[in-house]
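Colleague: I am new to this structure and would like to learn how to read it. Could we go through a few features in turn?

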Amino acid sequence: MSLLIDNIGELVTHDPEFGVLLDAALVLDDGRVAWAGPRGLAPAADSSVDAAGGAVIPGFVDSHAHLVFAGDRAAEFAARMAGEPYTGGGIGTTVAATRAASDDELRATVVRLRHEALRQGTTTIEIKSGYGLTVPDEARSLRLAFEVSPETTYLGAHVVPAEYAGRADDYVALVCGAMLDEAAPYARWVDVFCERGAFDADQSRAVLQAGARAGLLPRIHANQLGPGPGVRLAVELGAASADHCTHLSTEDVDALAGSSTVATLLPGAEFSTRSPYPDARRLLDAGVTVALATDCNPGSSYTSSMPLCLALAVREMRMTPAEALWSATAGGARALRRDDVGHLGIGARADVVVLDAPSALHLAYRPGVPLVRHVLHNGVLT
Ligand code: NIG
Ligand code: FE
């Protein structure tokens, strides 16, 4: 079945052949992009959607989200807004609630958040475990995540759970052993929170290398709460992405610039923890590939909105609107090592967003406004 999207005011393809087209049309066929070009020259299609002069962009690729959890931490947010710092200490609250939840409760949350994101234009989403922290709870988190997305990440090394207090190395052995064995069938990626108070460089390296031996690809929570070894470890191990990158030294920036590791920036976390934003301009000027993602989780960033993150990146992190849109789509695809999403070149997956705005610039220009009019996922209107 083919579908024509007609009357496009601005078509942003992120494809070198087409670039940005004005007064354009796009044809999708069999779940793929089949044609792009000027209005009026489009081939006939089985059905059509009228973009009504609106902009059309690739679906957002949210390459960092924690959707499998139970419980609520709104009071922790209120305390932060009253001056409390964010330390990650609330993770244990979510772990307790998640362990106590039934499969159906957790599934309902994952499905609800996945659809919440889809309505806002997110057609690809990565989902992490990390609030189970026992063998069965991590395996179940990934099984439930895998029901809604193929981009699942094993984050058994989120924090050392309370029952392992003072025995971090024993917990790392579990993460690298029995827990990994049960988690790996449902995971594509392995992640670790490399941070003071979570896992140090040696522990993080052990987790990522064990994951890699099990066939998982590494990514890493790095340099979120302070300077540290996470970013350089990501580069050392050839990780697809170093995420957060809030506190970077010159050596960290240079290491990223000389590597294929993407720096994934998560402005929702700085917003929700009232932290200083990372300087995306510094990374871009150094030649680093930058992705934007939501970090959607109940503690540090409870937003599923890629448009919000894009607007924050423009306003607070010195990205241009065009750079931020690229990072929220093609950049996310790079962070997930995907070449079939994040762009609208011929053969790309037919993940397309039609905006209720004449240009994509409006995503940052009109923050907080629901500009997503239509979302096509795999060529199907959602
Ligand atoms: O990416 N940094 C570690 N993990 C999450 C926060 C988890 C939480 O506070 O529940 C993050 O920000
Ligand atoms: Fe995270």
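**Reading loops, helix pairs and a ligand shell**

Modeller: We can start with a loop: A52 is found in the loop between β4 (47–50) and β5 (55–58). Keep in mind throughout that this is a predicted model.

Colleague: What is the phi of A52?

Modeller: The phi angle of A52 is near 55 degrees, which is a positive value in a residue other than glycine.

Colleague: Is A52 buried, exposed or partly exposed?

Modeller: The reading comes from a count of neighbours: 20 or more other C-beta atoms within 10 Å make a residue buried, 12 or fewer make it exposed, and partly exposed lies in between. A52 has 14 other C-beta atoms within 10 Å, so A52 is partly exposed.

Colleague: Where does R318 lie, and what is its phi?

Modeller: R318 sits in the loop between α12 and α13. Its phi is near 65 degrees, again positive in a residue other than glycine. R318 has 17 C-beta neighbours inside 10 Å and therefore counts as partly exposed.

Colleague: How do α12 and α13 lie to each other?

Modeller: An angle over 145 degrees would count as roughly antiparallel. With their crossing at roughly 140 degrees, α12 and α13 are therefore oblique to each other. The crossing of α12 past α13 is right-handed.

Colleague: Which residues of α12 and α13 meet?

Modeller: From α12 they are M306, C309, L310, A313 and V314, and from α13 they are P321, A324, L325 and A328. Sorted by class, this contact of α12 with α13 has nine nonpolar residues, no polar ones and no charged ones.

Colleague: Take A324 from that list. Is A324 buried or exposed?

Modeller: A324, which is in helix α13, has 29 other C-beta atoms within 10 Å and is therefore buried. Leaving aside residues up to four places away in sequence, A324 touches L292, L310, A313, V314, M319 and A364.

Colleague: How far apart are A324 and L292 in sequence and in space?

Modeller: They are 32 residues apart in sequence, and 7.3 Å apart in space from C-alpha to C-alpha.

Colleague: What is the angle between α5 and α7?

Modeller: The angle is about 15 degrees, and the axes of α5 and α7 are 9 Å apart. Angles under 35 degrees count as roughly parallel, so α5 is roughly parallel to α7. The crossing of α5 past α7 is right-handed.

Colleague: Which residues make the contact of α5 with α7?

Modeller: A168, V172, V175 and C176 in α5 meet Q203, A206, V207 and A210 in α7. By class, the contact of α5 with α7 holds seven nonpolar residues, one polar residue and no charged residue.

Colleague: Which residues of α5 are buried, and what covers them?

Modeller: In helix α5 (residues 168–176), the buried residues are Y171, V172, L174, V175 and C176. Their cover includes β9 (152–157), α6 (178–183) and α7 (201–213).

Colleague: How do α3 and α4 pack?

Modeller: Helix α3 (residues 103–119) and helix α4 (residues 135–146) pack at about 45 degrees, and their axes are 10 Å apart. That angle makes α3 oblique to α4. α3 passes α4 in a right-handed crossing. D103, L106, R107 and V110 of α3 make the contact with R140, L144 and A145 of α4. The classes in the contact of α3 with α4 are four nonpolar, no polar and three charged residues.

Colleague: Which residues does A42 touch?

Modeller: A42 lies in the loop between β3 (32–38) and β4. Not counting residues up to four places away in sequence, A42 touches L4, D6, A25, V27, W35 and G37. A42 has 19 other C-beta atoms within 10 Å, so A42 is partly exposed.

Colleague: Last, the ligand. How many residues surround ligand 1?

Modeller: Ligand 1 is surrounded by 13 residues, and the closest are I91, F193, N297, G299 and S300. The shell around ligand 1 divides into four nonpolar, eight polar and one charged.

Key:
Residues numbered from 1 in each chain as written. Chains lettered and ligands numbered in written order. Predicted model: local features only at pLDDT ≥ 70, side-chain atom pairs only at ≥ 80, totals over all residues. Near = placed C-beta within 6 Å. Nonpolar A, V, L, I, M, F, W, Y, C, P; charged D, E, K, R; others polar. Axes fitted to C-alpha atoms, helices over the stretch in contact; angles between N-to-C directions. Helix = DSSP H or I, 4+ residues; strand = E, 2+ residues; numbered from the N terminus. Parallel < 35°, antiparallel > 145°, perpendicular 65-115°, else oblique. Left-handed = near helix turned anticlockwise from the far one by under 90°. Contact = placed C-beta atoms within 7 Å.
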